[in-house]
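Subject: Structure handover and notes

Hello,

Here is the structure we spoke about, with the sequence alongside. My notes come after it.

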Protein chains: 4
Amino acid sequence: MGVRVAVAGASGYAGGELLRLLAAHPGLDVVAATAHGQAGVPLGQVHPQLVSYGDLILGNTTVDELAKAELVFLALPHGASAGLAAQLPSSVKIVDLGADFRLRDAAAWQRYYGGSHAGSWTYGLPELPGQRAEIAAADRVANTGCYAVAVILALAPLIAAGLIEPTDVVVVASSGTSGAGRSAKANLLGSEVMSDLSAYKVGAHQHVPEILQATGAETLSMTPVLAPMPRGILAAVTARPTTAGVTAEDVLAVLSRAYADEPFVHVLLAGRQPHTAATFGSNSAHLQAAVDLSSGRVILTSAIDNLGKGAAGQAVQNANLMLGMDETAGLSANGVAP
Amino acid sequence: MGVRVAVAGASGYAGGELLRLLAAHPGLDVVAATAHGQAGVPLGQVHPQLVSYGDLILGNTTVDELAKAELVFLALPHGASAGLAAQLPSSVKIVDLGADFRLRDAAAWQRYYGGSHAGSWTYGLPELPGQRAEIAAADRVANTGCYAVAVILALAPLIAAGLIEPTDVVVVASSGTSGAGRSAKANLLGSEVMSDLSAYKVGAHQHVPEILQATGAETLSMTPVLAPMPRGILAAVTARPTTAGVTAEDVLAVLSRAYADEPFVHVLLAGRQPHTAATFGSNSAHLQAAVDLSSGRVILTSAIDNLGKGAAGQAVQNANLMLGMDETAGLSANGVAP
Amino acid sequence: MGVRVAVAGASGYAGGELLRLLAAHPGLDVVAATAHGQAGVPLGQVHPQLVSYGDLILGNTTVDELAKAELVFLALPHGASAGLAAQLPSSVKIVDLGADFRLRDAAAWQRYYGGSHAGSWTYGLPELPGQRAEIAAADRVANTGCYAVAVILALAPLIAAGLIEPTDVVVVASSGTSGAGRSAKANLLGSEVMSDLSAYKVGAHQHVPEILQATGAETLSMTPVLAPMPRGILAAVTARPTTAGVTAEDVLAVLSRAYADEPFVHVLLAGRQPHTAATFGSNSAHLQAAVDLSSGRVILTSAIDNLGKGAAGQAVQNANLMLGMDETAGLSANGVAP
Amino acid sequence: MGVRVAVAGASGYAGGELLRLLAAHPGLDVVAATAHGQAGVPLGQVHPQLVSYGDLILGNTTVDELAKAELVFLALPHGASAGLAAQLPSSVKIVDLGADFRLRDAAAWQRYYGGSHAGSWTYGLPELPGQRAEIAAADRVANTGCYAVAVILALAPLIAAGLIEPTDVVVVASSGTSGAGRSAKANLLGSEVMSDLSAYKVGAHQHVPEILQATGAETLSMTPVLAPMPRGILAAVTARPTTAGVTAEDVLAVLSRAYADEPFVHVLLAGRQPHTAATFGSNSAHLQAAVDLSSGRVILTSAIDNLGKGAAGQAVQNANLMLGMDETAGLSANGVAP
């Protein structure tokens, strides 16, 4: 008998991926899966791919339902976690996949999200220096945003090493459509998104402040792009080197040192670029670096599965740490490709 | 220490998927992975998604290399298995993902494949009546063709039950592009296949004779279609009912009875149609049935992952049986979606 | 100054494609484009691809608005055309892209659509024998359904020539997602439909009765499949030959003769299969034939653009005939590929 | 009888799109279409979508064959145009879709292409100030690179207006796979590119020097990305404003003024982002601007069809100018969507 866990928001894409991972997890047992709008419906109708949970009946997202668990995953729309978390007993550990508790700075919250700031929890990116131990000691962890994972993993070690300027970082990152959620919207219809690329929330995406907070970058320009594929994020992260002669090898040396012992962050060999397809279904991030021939800018490329390391995979990794389990339990570094 | 296995043809799509499954298998250890054209290359360059085998060096596809293993998976182009198999010691068990040993009838081989017929091995579809025990007792097993899996699972129980006519079965089945292999061909370029559907080998596909052999169908019309997605097969299988009043419920009752205890074959609830996306990365087959309003024909729909239950997943399932392991070891019934 | 035309239902996919064709048409001028839910909105916000109509304001779908035109295209949901058509002055010609007036048989209407039967208009497929003249003489024309176009063009000449049996025809046809319309539905989200194939309305699709009516087929089994691409229909149509020795050449000879003078129906050379991508954006249909090695069934493959020859292109072709213009005006036989 | 034109490189994607446009052009007649490797083959086998040229036999790419024409389009691999152009009579006008004659600076050529620099022709982007008249007066015109079109149209007016810094421009631009050509390469197989994003030639793409040359930018960082769709480029172009208070409205005012009379460049209304799908098959570019909340960077987004305004459409536009025809003849501003 494993540790009892619950998933709130089980009908969405992140909730579904969580359940897929939990079904194969050696130490966690799902005791409740809830969904506001579809309580009473068997999970097989909502996630036909999850045949091993096909008969599980979705519950209501209530404190009573979730408090059956020792650890709760909240995969709810932004803004919905805070209220629920406040009512859950302190004995129940929580991993929040939403944004409510990611930011320490109330002004930044106000600027990018609006509304009142709920506070901040331990930031759930174990690969940041010192963060693994904090997560292991925490009862409340705020998962990192999907774009933020891809950018922070590339950026943080270089700023820490003083190799790049912390100002005027420029990010253009493309995401598969599952990042936009499962609500029925005309602009997300297959007919609209297949064969199409378009930018959105240009210069105003809400993952910027958590990237600044986690990396020490001072300003960062962000252009998110919706890409015609179900999953995956590819981020191009560029920054000016602090000294003129910085080479790709210098950058790669820093990245390789930072992630030498990490099971899920892979710095690629020279000549190989990250492919989102290679991260599909995995908890991996793939990184590469170059220096621009014309401008001398450092260009980092970073690929993850937005539902894996960008959401559900990361959440399980955090839960493993919080529960004192093997950090990699139930997770795979290998992608499903092609 | 697990059972030693080897993969011949590791650079192809089926070979890559096999390695992905083997990396997570609790009882099998990969001791050799070979690839004719890419011997000496680290696997990470060929399958960037398989980071846990990134440093494994591909070997030559030789008897010596493969004979290190207790069980060998042959994932080679059709026609290449027979020669190799003849040279492997009889103590080495073999699962052949190719077609060489699927057919008992030399004339059928001649008609659909041409060239000399190598003979026949135990047919590797455990869900056929009596077949599980035969596979468990065999040292040589011929995996089922990808289209054949999807069609046979739908068709066999109904012919056996006498519910449909065994003549004039009509199949139209669409496959993702990985079914066409990894050779660089202009007609398989992304630019050509995205946003496109086209039929190929119309009325002449080589999986027809194994379907006839396995189901007892006497004639079967087959139209394969190349679909704009990496993986997945959706087969529509239609046949005339033996008596006029056959209903969808009758058909579903037969299917449900046939697969009640099967871990990987799922007869869907009324109103749900199989989605290839729900089988992505899994070893599952999803089935549904209807009766046509105009013609009264029985229409079965069947979805699998062509690299999963259609190739690598099925091969692992067979290997598990041949080695006396849990049939489901290292396999998942749950798909990776969206 | 050209003939004044109006488009009702301009916000949908067929409506948008109609406007694209009309923008390039040498003899037709759009005087009104209406959309129930988006009246008052500039067309550029609804169809950003139609920059030449970017400032055109969508009107209400009312008799007054549409009666400005000499010819009205109705691209409305099934069931909405009949009421509107009844109120339009008889001097206004109408091409209805909906199903309301396609069927002569009220019982067939009842069976496949339900509700009361509005009556029947001239059937708008000029390539049927004698139909071109009827359309040219008509003031009211019912456009053919999208699947129906693809199937009828393949089937009708062979039944007429007595080469195939008119019973037990089996059709499996896949369509791009634009065929499912532009309403925001969760099952049509890009995340759901990309990388997926699934069947729907199995054995019960409403285009069956019009195929029977137009071809003389007596029964026809129909399996529609949703394919992961925005546009295109590929139909596989199989039927038993009337005599044993029928060859692909026999079939192609009949088709070639039937369409020798047709500008939009192309019987492909031996060895070439229809590709939906080759019809993208065109008014063309591509046809090929084979005879199945196992069953002897004739297998016809047929590709169209569901929004082209399957909807808007066909509608313009019919309008050209009704107005005494060159039948090909404003239409292209060439597809946009890749 | 129109002006006689020839297409060298007719078997590639740009060549095919050229022929599609030429088939509908009111003033140009194709007298030769050549392809090195496929001479003697009917065009219908190479471009099945071009049914109106289905029987045209591809010729050899020789001076004699091309000199039949009054104007020749060269759609050849980079490096192949110079030799051929040197031999064509001076009376034959040439539009080169390749890179050979784009750069004035031999050192820049050497740096990004290598090999000897063939010289420079009139740069074929009519929307640049003064360029339209130069093109109209020229007999030899070098078409703009596909990424370059998308970037230059966004960037040039802002640098000219002194609104943004000409140094440290950062571009991340994604292209559909047709931009990578039609050669059979394993990394461009549909199975590899569908559901995948990856960067390539990071910081080293050969379109950078022509962007610098055409815009006055001094340095530019460039990250090209391969996107899972057949066509389309979306470029995100960011630059620091010259003064702190620059707003999106300021930027849009400059762009709107620059392109007020341009038939193919469309500055979108506030709140609308460019979609590549809206430019599919057209000669249009769609532009939008924003100012980043964190960094104050100006972010321009720009969408084109890489085979349209990025190649064949632009070539026809240039040919129209060179021949004194209506600049828009044979071209459409409207895209084919969805």
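The notes below go through the annotation, the chain contacts, the salt bridges, some backbone details and the cavities.

Please keep in mind from the start that this is a predicted model.

Annotation

An unreviewed UniProt entry carries the annotation "domain: Semialdehyde dehydrogenase NAD-binding" for residues 4-136 of chain A. In the model, that span is 29% helix and 17% strand.

Chain D against chain A

Chain D brings 46 residues to its contact with chain A, and chain A brings 47 residues. About 3,800 Å² is buried between the two chains, with 62% of that area coming from carbon and sulfur atoms. On the side of chain D, Leu197(D), Leu293(D) and Ser294(D) supply 17% of the area buried against chain A, more than any other three residues.

Four salt bridges are found across the interface of chain D and chain A. A salt bridge also joins the side chains of Asp168(A) and Arg240(D), with N to O at 2.9 Å.

Chain B against chain D

Here the contact takes 20 residues from chain B and 20 residues from chain D. The buried area is about 1,500 Å², and carbon and sulfur atoms give 60% of it. Leu189(B), Ser191(B) and Met194(B) supply 39% of what chain B buries against chain D, more than any other three residues.

Two salt bridges are found across the interface of chain B and chain D. Glu192(B) forms a salt bridge with Arg182(D), and the closest N and O atoms of that pair are 3.2 Å apart.

Salt bridges overall

Over all chains, the structure holds 60 salt bridges. One of them pairs Arg4(A) with Glu70(A), with the closest N and O atoms 3.4 Å apart. This pair links distant parts of the chain, as the two residues are 66 residues apart. Arg4(A) sits in strand S1 (residues 3-8) of chain A, while Glu70(A) is in the loop between helix H3 (63-66) and strand S3 (71-74).

Backbone details

In chain A, the peptide bond from Ala337(A) to Pro338(A) is cis, with omega near 0 degrees. Pro338(A) belongs to the segment after helix H11 (308-322) of chain A. Chain B has a cis peptide bond from Ala337(B) to Pro338(B), again with omega near 0 degrees. Pro338(B) is in the segment after helix H11 (308-322) of chain B.

Back to Asp168(A): its phi is near 60 degrees, a positive value in a residue other than glycine. Asp168(A) is located in the loop between helix H7 (146-160) and strand S7 (169-175) of chain A.

Gly119(A) lies in another loop of chain A, between helix H5 (106-112) and strand S5 (122-123). Its C-alpha is 7.5 Å from that of Asp100(A), and the two are 19 residues apart in sequence. Setting aside neighbours within four places in sequence, Gly119(A) is in contact with Asp100(A), Phe101(A) and Leu103(A).

Cavities

The structure holds seven cavities of 30 Å³ or more.

Regards

Terms used:
Residues are numbered from 1 along each chain as its sequence is written. Chains are lettered from A and ligands numbered from 1 in the order in which they are written. This is a predicted model: local features need pLDDT of at least 70, side-chain atom pairs count only at pLDDT 80 or more; totals for chains, interfaces and linings use all residues. Side-chain values use heavy atoms; hydrogens and water are left out. On a 1 Å grid over the protein atoms alone, a cavity is a set of points where a 1.4 Å probe fits but cannot get out, and a pocket is an open set with protein on both sides within 12 Å along at least five of seven lines; lining residues have an atom within 4 Å of a point. Grid points are joined across faces, edges and corners, and a volume is the space filled by probe spheres set on the points. UniProt positions are given in the numbering used here, feature names are shortened, and annotations may be inferred rather than shown by experiment. Helices (H or I, at least four residues) and strands (E, at least two) are DSSP runs, numbered from the N terminus. Contact means heavy atoms within 4.5 Å. Buried area is the accessible area (1.4 Å probe) that two parts lose on being put together, summed over both.
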